[in-house]
Amino acid sequence: MAPRALSWISVSLLVFLASWSCVAARGGRAPRTADPTDGFTAVRLGESNFALQRPFDEAIGSRYSFDGTVRRLWVLSSDKPHVRQSRTKPRTEIRMTGYDYSSGVWQFEGYGYVPSGTTGVCIMQVFGASDGASTFMLRVYDGALRYYARQLVEDNIYNRWFRLNVVHDVKASTLTVYIDGEQKLRVHGRGGHSYFFKFGVYAQNHDSSRMESRWKHVRILKKH
């Protein structure tokens, strides 16, 4: 083998050994990539913080189930609103209570699942705005997760569990979305003075006859 080739192999070996030494010094693991929850602290949640909203004439069990891990929420396009006097579309949503906020940096985290056939529906929102009712919505249309009915956030969302993180910086009026730890969207808020998180199914335009989403490991976190 030519001396120049040997020299190149030697340099490559030294670079590899130096990199391996750095990993070994950290306990044999490569550096961890940043996680959306870094710098945040989870708040304490109990079942009283998960307030269910469902068609007012339906029993809880006819639109919602919880086995201790997975919360399953569904609604029909023909259902009534969640309160008799409301003119809004049908919904089966969980409104997170006890942690309404008007300042700071807050985060919603949950693992979601949307079965195929569900479309025209909001599955997660940040409620509160000066322009409309919500400052942020994630909707499903034909298997794609979108910001309201516009910008694509994640394609091929059907029939798989995905990790969702939504970070709301009130002062900066920004919302950042992560899917499976990867940043997918960053948008401006829509004004307002008080906010809270919701998830489930809330019919929108071009909704399917039946809409469903499932959730587990839902958390609320705050940046200190």
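Trainee: Hi! Which residue is the bridge partner of E93 in β14?
Mentor: Hi! In β14 the bridge partner of E93 is G200. Before we go on, this is a predicted model, where local features need pLDDT of at least 70, side-chain atom pairs count only at pLDDT 80 or more, and totals for chains, interfaces and linings use all residues. Residues are numbered from 1 along each chain as its sequence is written, and side-chain values use heavy atoms, with hydrogens and water left out.

Trainee: Good to know. How many bridges are there between β5 and β14, and in which sense do they pair?
Mentor: β5 and β14 (residues 196–203) pair in the antiparallel sense over 5 bridges. Two strands pair if DSSP finds at least two bridges between them. Strands themselves are DSSP runs (E, at least two residues), as helices are (H or I, at least four), numbered from the N terminus.

Trainee: And which residue stands opposite E93 from β2?
Mentor: That one is Q53. Strand β2 (residues 50–53) runs antiparallel to β5, and 4 bridges join them.

Trainee: How many residues of β5 are buried?
Mentor: In β5 (residues 91–96), 6 of its 6 residues are buried. Buried means under 20% relative accessible area, exposed over 50%, and partly exposed in between (1.4 Å probe, protein chains only).

Trainee: Which residues sit on each face there?
Mentor: R91, E93 and R95 are on one side, with T92, I94 and M96 on the other. In a regular strand the side chains alternate between the two faces of the sheet.

Trainee: Changing topic: what lines the largest pocket?
Mentor: Its lining is P36, D38, F40, V105, V167, D169, T174, T176, Y178, R186 and K223. By type, the lining divides into 5 nonpolar, 2 polar and 4 charged residues. The largest pocket has a volume of about 160 Å³.

Trainee: How are those terms defined?
Mentor: On a 1 Å grid over the protein atoms alone, a pocket is an open set of points with protein on both sides within 12 Å along at least five of seven lines, whereas a cavity is a set where a 1.4 Å probe fits but cannot get out; lining residues have an atom within 4 Å of a point. Grid points are joined across faces, edges and corners, and the volume is the space filled by probe spheres set on the points. Ala, Val, Leu, Ile, Met, Phe, Trp, Tyr, Cys and Pro count as nonpolar, Asp, Glu, Lys and Arg as charged, and the others, Gly among them, as polar.

Trainee: Which strand gives the most to that lining?
Mentor: β12, with 3 residues. T174, one of the lining residues, lies in β12.

Trainee: Why does T174 count as buried?
Mentor: Because its relative accessibility is 9%. Leaving aside neighbours within four places in sequence, T174 is in contact (heavy atoms within 4.5 Å) with V167, H168, D169, R186, V187, H188 and G189.

Trainee: What about M124, buried or exposed?
Mentor: M124 is buried, because its relative accessibility is 0%. M124 is found in strand β7, and its contacts beyond four places in sequence include F108, L164, F199 and W215. The C-alpha atoms of M124 and F199 are separated by 4.2 Å, though the two are 75 residues apart along the chain.

Trainee: Last one: where is P115?
Mentor: P115 is in the loop between β6 (105–113) and β7 (121–127). P115 counts as buried because its relative accessibility is 13%. Y158 is 43 residues from P115 in sequence, with 5.4 Å between their C-alpha atoms.
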